[in-house]
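Hi,

Here is the structure I promised to pass on. Have a look at it first, and then read my notes below.

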Amino acid sequence: MAPRTTRILLVLGAFLAGLMLCLTAILLITGKTFSPGISQAVAIGGPFRLIDQEGRAVTDQDFKGKPLLVFFGFTHCPDVCPTTLFDVSEILRRLGKDADQVGALFVTVDPARDTPEKLKEYLSSFDPHLRGLTGDEPAIAAIAKAYRVYYKKVPNPGGDYTMDHTAIVYLMDKEGRFVAPFSLKRPPEQAAADLRRHL
Ligand SMILES: [Cu+2]
């Protein structure tokens, strides 16, 4: 297997293992039968305070009443992030006017390089509804932890670096509760219809 594929599998594996652990812990604590709506809501997401590509302060409260897609990545990402942002843009476009009632967040895991200015420039290639979020290292670490996102700096031989990161699009409901990973492996019309059900 190519090292890149192995890394992606490792990241995915670590995320799923963490998720299972969380859900098991919740089951053990509550002693309740597994109920996705309730248990996963406890496991993923939460309050955050970050800065968007316009330099505005943004918190989770700003999205109350809107379903939310949340994706973590970084602007120097060679493939996964641009592909995902392209797919999400296609879905937002299919939503038409309803896209105003949906939140779509691209949270950087590389705040050292991804300043608001850099995010603004990068996101200009994608749907204007996308909000790019950055912040200081502790704020990014906090939101990543809340979403059970794995990320790690990986040095390149040239002295540069890249980032490994969890590449899941999270669907949060109007109340900010985790619903499910949002699949992009389907036609954008279908994904848009799925999103519309949460409006
Ligand atoms: Cu990426």
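A quick definition to start: a donor is an N, O or S atom within 2.8 Å of the metal, and water is not among the atoms, so a site may look incomplete. Also keep in mind that this is a predicted model.

With that in hand, which protein donors does the copper ion have? They are Cys77 (SG), Cys81 (SG) and His165 (NE2), and they lie 2.1 to 2.2 Å from the ion. Along the chain, the donors of the copper ion are spaced as C-x3-C-x83-H. Are Cys81 and His165 buried or exposed? Both Cys81 and His165 are buried.

Now for the sheet. Strands of a sheet pair through backbone hydrogen bonds, and the pairing can be parallel or antiparallel. Here seven strands make an open sheet with mixed pairing, in the order β2-β1-β5-β4-β3-β8-β9. At its edges sit β2 (57–59) and β9 (178–181), each of which pairs on one side only. On average, neighbouring strands of this sheet are turned by 35° against each other, ignoring direction.

Ile51 has Thr134 in β5 as its bridge partner.

Helix α3 lies across β3 (68–73), β4 (103–108) and β5, and runs at about 165° to β3.

Cheers

Terms used:
Residues numbered from 1 in each chain as written. Predicted model: local features only at pLDDT ≥ 70, side-chain atom pairs only at ≥ 80, totals over all residues. Heavy atoms only, no water. Donors = N, O, S within 2.8 Å, 3.2 Å for Na, K, Ca; no water. Buried < 20%, exposed > 50% of the residue type's maximum accessible area, 1.4 Å probe, protein only. Pairing = 2+ DSSP bridges. Helix = DSSP H or I, 4+ residues; strand = E, 2+ residues; numbered from the N terminus. Axes fitted to C-alpha atoms, helices over the stretch in contact; angles between N-to-C directions. Contact = heavy atoms within 4.5 Å.
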